[in-house]
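Please keep the structure open while you read this note. The points below can be checked one at a time.

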Amino acid sequence: MVVLAAGMGNRYGGLKQMDPVGPNGETILEYSVSDAVRAGFDKAVFVIRREFEEPFSEIAAERIRGQIAAECVLQDLDDLPTGFAAPAGRTKPWGTTQAVLAAEGAVGTPFAVINADDFYGAESFEVLARHLDGQIESDAGSYTAARKAEYAMAGFRLRETLSDSGAVARGLCRVDRDGLLESIVELTNVERCGAGAKSTDRAGDVTILTGDETVSMNMWGFTPAVFGQLRAKFERFLQTQGADVKAECYLPNTVNELIRGGQARIRVLGTDAHWFGVTYREDRARVVEEIRRLVASGAYPARLWT
């Protein structure tokens, strides 16, 4: 399991992936690790920034490594393919595509990708683990891009992923009748609107949504064949947008390019798991309450690690 934990949490106002939300100081990512272990994952690779390597490593060493093999890798601004360099004035890494590439040396089997600050629910890890187990069996340990790769994405219902505290960005998915992803459209300003939602684009145009739409929450299942594909797309991104000090190479956009180019197909795994996360500081109270309810129901022990 590759955990993307290099975000700075600008809207949240701090390192939300490090914020305690459980009854004994557990973080959201610790609940994800617990769910992943129960689903059969045996290693966690945390992609972090150098500036918070020490506090993150403490959590991994003190709590997580007792439950699962854990490794931290760094996403660095200057970790670029030969011939490329960061432009003057750029201060942050290049987005989630580069973050997954940072984990390549630590991954040798089919793997999941998740965000550190999203609570995906146990069922999501279970359905993704079953898909990845099938990839291991069908490929017999050989993960090449010789044929069209089949990957996976956990799909969530839009209305279950919105914040009461403000607008959020969501990847709106179009799924065909066979359950394969046709495209993702990144909506950057989505908020509740009655029983549904509305999306406002940069021009101010509003699109009304029912709330039943399938969205991506950056929970993926890949084989190692994806690394070569991501690297090629990342290099192309650098060629076209590398001079922009704010441009980011987002994983959903890269996956879209793989689909359009006929290089991969993405199976959308439906789940009724209850997602929640922290985009704004005000979201934290809801997360604490949601976890309290899950503990009270017996879904998780009062003390996650014993």
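1. Leaving aside its neighbours within four places in sequence, which residues is Phe46 in contact with? The model is predicted, so treat each point as a computed result. Phe46 touches Val3, Leu29, Val33, Phe56, Ile64, Ala70, Glu71, Cys72 and Val73.

2. Phe46 also belongs to the largest nonpolar core, which has 54 residues. Met1, Phe41, Phe46 and Phe125 have the most contacts inside this core. Helix H1 (residues 28-39) supplies its largest share, six residues. In soluble globular proteins, nonpolar side chains tend to be buried together.

3. Ile259 sits in helix H6, where it is buried. H6 covers residues 251-260, and seven of its ten residues are buried. Just after H6, Gly262 has a positive phi of about 70 degrees.

4. Now look at the second largest pocket, with a volume of about 310 Å³. It is lined by 17 residues, and Met1, Phe41, Asp42, Thr109 and Pro110 are the closest to its centre. Strand E2 (43-48) and helix H4 (122-139) each give two or more residues to the lining. H4 gives the most, with four. By type, the lining has eleven nonpolar, three polar and three charged residues.

Note on methods. Residues numbered from 1 in each chain as written. Predicted model: local features only at pLDDT ≥ 70, side-chain atom pairs only at ≥ 80, totals over all residues. Heavy atoms only, no water. Buried < 20%, exposed > 50% of the residue type's maximum accessible area, 1.4 Å probe, protein only. 1 Å grid on protein atoms, 1.4 Å probe; cavity = no way out; pocket = protein on both sides within 12 Å on 5 of 7 lines; lining within 4 Å. Points joined across faces, edges and corners; volume = space filled by probe spheres on them. Nonpolar A, V, L, I, M, F, W, Y, C, P; charged D, E, K, R; others polar. Core = buried A, V, L, I, M, F, W, Y, C linked by side-chain atoms within 4.5 Å. Contact = heavy atoms within 4.5 Å.
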